[in-house]
Amino acid sequence: GTFYLPGEAASGFYWRGINELYGTTPNEREAETAFRRSVELDPTAYFVYIQLGNIYLQRGIREQCVKAYSDALRYAPDEARIRSTLEDQVQRVLHKSLAGIAPLRDPYME
């Protein structure tokens, strides 16, 4: 039969994106596609938005970068370290040159 398991599918797309981004032959476009599909299936996975924000940061796309990091903040757990890191990153992206901003580490990968 057919099963609708959006959480499982979202996880699969997330890990596909990680592989595309950090694998032996990185493909940022494919990673972005996988991450976007992942958050469509599970919009509460804040760490996926961090990956998207990092991609947009590297490309210099401020508006999408702010949105991705803001979405990460919206769904982040109530943990001060994670939330303050995301808040600071949103402020940096809003007010500084993107070229001088470091991408965030994905806490899920720590």
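**Aromatic cluster, helix packing and salt bridges**

In the predicted model, Tyr14, Trp15, Phe35, Tyr46 and Phe47 are joined by ring pairs into a cluster. The structure as a whole holds five aromatic pairs. In one of them, the ring centres of Tyr14 and Trp15 are 5.0 Å apart and the ring planes stand at 75 degrees, so this pair is edge-to-face. The two residues can be set side by side in terms of accessibility: Tyr14 counts as buried at 2% relative accessibility, whereas Trp15, with a relative accessible area of 40%, is partly exposed. Tyr14 also forms an edge-to-face aromatic pair with Phe47, with 5.0 Å from centre to centre and 80 degrees between the planes. Because Tyr14 lies in helix H1 and Phe47 in helix H3, this pair ties together parts that are 33 residues apart in sequence, and both of its members are buried.

Helix H1, which contains Tyr14, spans residues 6-22 and comprises 17 residues. From its first C-alpha to its last, H1 reaches 24 Å, close to the 24 Å expected at 1.5 Å a residue. The buried residues of this helix are Ala10, Tyr14, Gly17, Ile18 and Leu21; seen down the axis of H1, they fall within an arc of 100degrees, so they line one face of the helix. On the other side of H1, Glu8 and Asn19 are exposed. The cover over the buried residues of H1 includes helix H2 (28-41) and helix H3 (46-59).

The largest nonpolar core has 30 residues, and those with the most contacts inside it are Phe35, Tyr46, Val48, Leu57, Tyr69, Leu86 and Val93. Two or more residues are given to this core by each of H1, H2, H3, helix H4 (62-75) and helix H5 (80-95), and H3 gives the most, with nine residues. For Leu57, when residues up to four places away in sequence are not counted, the residues touched are Cys65, Tyr69, Gln89, Val93, Leu98, Ile101, Ala102 and Pro103.

Charged side chains provide a further set of contacts, and a search of the whole structure finds six salt bridges. Glu32 forms a salt bridge with Arg59, in which the closest N and O atoms are 2.7 Å apart. Since Glu32 lies in helix H2 and Arg59 in helix H3, the pair ties together parts that are 27 residues apart in sequence. Glu32 counts as buried at 12% relative accessibility, while Arg59, at 24%, counts as partly exposed. Together with Glu28, these two residues, Glu32 and Arg59, are linked in a network of salt bridges.

Salt bridges are also found within individual helices. The side chains of Glu40 and Arg37 meet at 3.1 Å, N to O; being three residues apart in helix H2, these residues are separated by about one helical turn. Glu40 is exposed, with a relative accessible area of 55%, and Arg37 is partly exposed, with a relative accessible area of 35%. In helix H4, Lys67 and Asp71 lie four residues apart, about one turn of the helix, and their side chains meet in a salt bridge of 2.8 Å, N to O. An α-helix has 3.6 residues a turn, so residues three or four places apart point the same way.

Technical notes: Residues are numbered from 1 along each chain as its sequence is written. This is a predicted model: local features need pLDDT of at least 70, side-chain atom pairs count only at pLDDT 80 or more; totals for chains, interfaces and linings use all residues. Side-chain values use heavy atoms; hydrogens and water are left out. The expected span of a helix is 1.5 Å times one less than its number of residues. Buried means under 20% relative accessible area, exposed over 50%, partly exposed in between (1.4 Å probe, protein chains only). The arc is that of the directions from the helix axis to the C-beta atoms. Contact means heavy atoms within 4.5 Å. A nonpolar core is a set of buried Ala, Val, Leu, Ile, Met, Phe, Trp, Tyr and Cys residues joined through side-chain atoms within 4.5 Å. Rings of Phe, Tyr and Trp (its six-membered ring) pair if their centres lie within 6.5 Å; planes under 30 degrees apart count as stacked, over 60 as edge-to-face and the rest as tilted. A salt bridge is a side-chain nitrogen of Lys or Arg within 4 Å of a carboxyl oxygen of Asp or Glu.
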